[in-house]
Amino acid sequence: MARNRKSRSRKRKSSNAGTWLAILGAFGVLVVLIGAGLYLFLNTEKEIALNQDDLCPKSGARATVGILLDTTDELADITKTEVRDYILKIQQELDRFYRVSVHTMDENGLDKEPVATVCNPGRLDQMDELAQQGLTANPVLIQRKYQEFEDKITNAVDGIFNESFDSKQSPLLASMQALSSELAPPSNVDSEKYLAGKNKIVFVTDLLEHTDIFSNYRTGIDFDAFKNSRATEKYGKSYKDTDLNFLMVRRNKSDFTTMQLAQFWARVIKEEFKSDINSLKILSGEI
């Protein structure tokens, strides 16, 4: 009898030890799960609500790159290709939640309704590490939205280049001024990571202004003629809050060179508009 009691006592002790080990094991797993959940919670990027139509944050885009295409004269095929490549480069280098808007201008000035307007919702490599690993986001969905962003702009530019360009005048200054007023003010998407930036205009043009107020066809690159016209009074706004970038189309003009024309407008914008050109690139095409 004594041996049986000792045997039952050892079994109870063994059973109790096993129970405690199971409890400790379960508690350890729970701690690990809580820790993993806490890590994901603390390291998961805050979700930004986007509009379905333009993929922009509901609070507004961080800034806008307004691409303005001068459609008053035809472009050479090589120039169109270069413009496409440049715009694609803009898209690929664009920060998350920045907007790209494509606009056109003709002899009547700026068409205020953009041909396309869409924000960069973010490429996978612009997401945090957890999202890239697929732990806190769906990589397939991210790629699909980003592809929509790229395709919308590419298709818009291709559609414009398939049309014929021909106008009786070229109101470049009026169109640029109007676009700068149309661009929405930059907005903070959040107060930590996605702060507001600065609006930018990328103007694809031959820089040959031709209106009743001032015309490079009439006076060439005569700076005094520009000053004595009403152009500064009518179009001389400051662009200090907007970066000005020009993709300059070459034209066959015997009176002055493409470089002289570029220097003329750089002086006008600096001295008359009290602003600076952020960049100016002369495109291939007509010489």
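Guide: T258 has its place in helix α9, which covers residues 258–272. The model under discussion is predicted.

Visitor: Is T258 buried or exposed?
Guide: The cut-off for a buried residue is a relative accessible area under 20%. The relative accessibility of T258 is 14%, so T258 counts as buried.

Visitor: In β7, which residue is the bridge partner of M248?
Guide: Strand β6 comprises residues 242–248 and strand β7 comprises residues 277–282; the two run parallel and are joined by 5 bridges. Within β7, the bridge partner of M248 is I282.

Visitor: What is the handedness of the unit made by β6, α9 and β7?
Guide: A crossover counts as right-handed if the path from the first strand over the helix to the second runs clockwise, with the strands pointing away from the viewer. The β-α-β unit of β6, α9 and β7 is right-handed.

Visitor: Which element gives the most to the lining of the largest cavity?
Guide: By the rule applied, there are 2 cavities of 30 Å³ or more, and the largest holds about 70 Å³ of space. Two or more lining residues come from each of α5 (172–182) and α9. The element that gives the most, with 3 residues, is α5.

Visitor: How many residues in the lining of the largest cavity are charged?
Guide: The lining consists of L172, L173, M176, F203, L207, E209, F246, W265 and I269. Of these, 8 are nonpolar and none is polar. The number of charged residues is 1.

Visitor: Where is L207 found?
Guide: L207 lines the largest cavity, and at 5% relative accessibility L207 counts as buried. Its phi is positive, about 60°, although L207 is not a glycine. Most residues other than glycine have a negative phi. L207 is found in the loop between β5 and α6 (216–219).

Visitor: What is the relative accessible area of F97?
Guide: F97 is found in the loop between α2 and β2 (99–106). Phi of F97 is near 70°, a positive value in a residue other than glycine. F97 is buried because its relative accessible area is 0%.

Visitor: What is the volume of the second largest cavity?
Guide: Its lining is formed by D70, T72, D73, L75, V204, T205, D206, V249 and R251. By class, that lining has 3 nonpolar, 2 polar and 4 charged residues. The volume of the second largest cavity is about 40 Å³.

Visitor: Which residues does T79 touch, not counting residues up to four places away in sequence?
Guide: T79 has its place in helix α2. T79 is buried because its relative accessible area is 1%. V249 lines the second largest cavity and is also one of the residues touched by T79. Not counting residues up to four places away in sequence, T79 touches V249, L283, S284 and G285.

Visitor: Which element supplies the largest share of the lining of the second largest pocket?
Guide: This pocket is lined by 13 residues, and those nearest its centre are V65, I90, E93, L94 and K200. The elements giving two or more residues to the lining are α2 (77–93) and β5 (199–205). The largest share, 4 residues, comes from α2.

Visitor: What is the volume of the second largest pocket?
Guide: By class, the lining of the second largest pocket has 6 nonpolar, 2 polar and 5 charged residues. The volume of this pocket is about 270 Å³.

Visitor: Of the residues of the protein chain, what percentage count as buried?
Guide: The chain has 9 helices and 7 strands. Among contacts between residues at least 6 apart in sequence, 78% join residues at least 24 apart. Of the 287 residues, the share that count as buried is 40%.

Notes. Residues are numbered from 1 along each chain as its sequence is written. This is a predicted model: local features need pLDDT of at least 70, side-chain atom pairs count only at pLDDT 80 or more; totals for chains, interfaces and linings use all residues. Side-chain values use heavy atoms; hydrogens and water are left out. On a 1 Å grid over the protein atoms alone, a cavity is a set of points where a 1.4 Å probe fits but cannot get out, and a pocket is an open set with protein on both sides within 12 Å along at least five of seven lines; lining residues have an atom within 4 Å of a point. Grid points are joined across faces, edges and corners, and a volume is the space filled by probe spheres set on the points. Ala, Val, Leu, Ile, Met, Phe, Trp, Tyr, Cys and Pro count as nonpolar, Asp, Glu, Lys and Arg as charged, and the others, Gly among them, as polar. Buried means under 20% relative accessible area, exposed over 50%, partly exposed in between (1.4 Å probe, protein chains only). Two strands pair if DSSP finds at least two bridges between them. Contact means heavy atoms within 4.5 Å.
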